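Colleague: I would like to learn how to read a few features of a model. Please take them one at a time.

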Amino acid sequence: MTESTIAAEDIPVLEVTDLEVRFGSGGATVYAVNGVSLSMRAGETLALVGESGSGKSTIAKAVVGLVEPAAGEVLLRGRTQAAQRVHRDKATRADIQMVFQNPVGSLNPFMTVEQNIAEPLRNRGVGKAERGARVRELLDMVGLDADTVGARRPGQISGGQAQRVSIARALATEPAVLIADEAVSALDVSVQATVLNVLRRIVDQQNVAMLFISHDLAVVRNVSDTVAVLHLGQLCEIGPTEAVLSAPAHHYTAALRAAVPEPGVPLGDPGMTDADPPSPRIKPTGCSFRDRCLAATALCAAERPALTMVGPDRGVACHHPLERAARAADPVPSTLGAPA
Ligand SMILES: Nc1ncnc2c1ncn2[C@@H]1O[C@H](COP(=O)(O)OP(=O)(O)OP(=O)(O)O)[C@@H](O)[C@H]1O
Ligand SMILES: [Mg+2]
């Protein structure tokens, strides 16, 4: 199903093709990711959204090589990567870096901030003097002052500062791809904005491709160029963030958006039935959203909808896409902002 890969003029930095990931075996199999394709260019932020359990982190782990896919490939600059991280060469490991939700837990508590950031450089054989200069530069990049925080330990700085330190450490090896998995979810809203600004600046200035994972649509809207909506390991919809979120083509995207409270506006129609999502332990057939979808027909159970392009950069996997979006999507070029 290579048609589900969004075409790029230049070679994409990162591609995921027809990815399938399962956990366990036999009756206990969890179908976590079921045929997902993504493509990212340098300087682009792609957000992965979807409920808890939709497979966001599993996709990230497959990209990094921490889980082995049942099918599909991860390509870095067009080159197929070994499924397991240990089988990837040092350079490609350094090229894909990840920032996690819990910043303090992902730093070494016994090392200072400077030592934490310097560690990946030391592992690469960068000399002491150069390391020192580079650490200052990295701290500067994330808006922290080496003289103020450099000698402190992770436990002695705030959560937002610790997250900026983990970002600096992830950038130490000049990665082509930065994965941020719920990287601001644990932070206070006021601190989130600072960290998001840092991430946005890095994507612009360092020209990295960022895979940004979040369940928070407001955050996603703020930070990403492209959004990919996942439901139970299937890609429902993908396209320019503003266009997708302002006029969803998939009923699940519409339901996710309806669930976001807006100040002064009462929560609208949830846009889906109150059925529980199907168990990830059942081998998926048809559309994974059909039990919750108000527009589902027999076709949705019989046949999995293929990702169909409904605009230049916009794809939807639905047999009965929302008409409003289908109409809006036709004339909309890849610029942001679909007509209302
Ligand atoms: N190591 C594992 N063993 C068994 N099942 C797993 C494992 N890791 C994830 N899963 C299952 O795979 C599915 C996808 O999980 P994943 O963590 O990728 O979801 P997520 O979208 O990141 O959710 P969240 O928003 O809660 O972080 C879930 O059903 C989850 O329970
Ligand atoms: Mg997760």
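Colleague: Is D95 buried or partly exposed?

Modeller: Buried means under 20% relative accessible area, exposed means over 50%, and partly exposed lies in between (1.4 Å probe, protein chains only). D95 is buried because its relative accessible area is 12%. This is a predicted model: local features need pLDDT of at least 70, side-chain atom pairs count only at pLDDT 80 or more, and totals for chains, interfaces and linings use all residues. Residues are numbered from 1 along each chain as its sequence is written, chains are lettered from A and ligands numbered from 1 in the order in which they are written, and side-chain values use heavy atoms, with hydrogens and water left out.

Colleague: Which residue forms a salt bridge with D95?

Modeller: Side chains of opposite charge can pair when their charged atoms come close. A salt bridge here is a side-chain nitrogen of Lys or Arg within 4 Å of a carboxyl oxygen of Asp or Glu. D95 pairs with R77, with the closest N and O atoms 3.0 Å apart. The two belong to distant parts of the chain, 18 residues apart: D95 in helix α2 (residues 90–95), R77 in the loop between β4 (71–76) and β5 (79–80). Helices (H or I, at least four residues) and strands (E, at least two) are DSSP runs, numbered from the N terminus. R77 is partly exposed, at 46% relative accessible area.

Colleague: How many salt bridges are there by this rule?

Modeller: The count is eight. One of them joins R136 to D147 at 2.9 Å between the closest N and O atoms. R136 sits in helix α5 (residues 128–141) and D147 in helix α6 (residues 146–149), eleven residues apart. D147 counts as exposed because its relative accessibility is 61%, while R136 is partly exposed at 39%.

Colleague: What does Q163 touch?

Modeller: Contact means heavy atoms within 4.5 Å. Leaving out residues up to four places away in sequence, Q163 touches V99, F100, Q101, P103, A183, L187 and V195. Q163 lies in helix α7 (residues 159–171). It is buried, at 0% relative accessibility.
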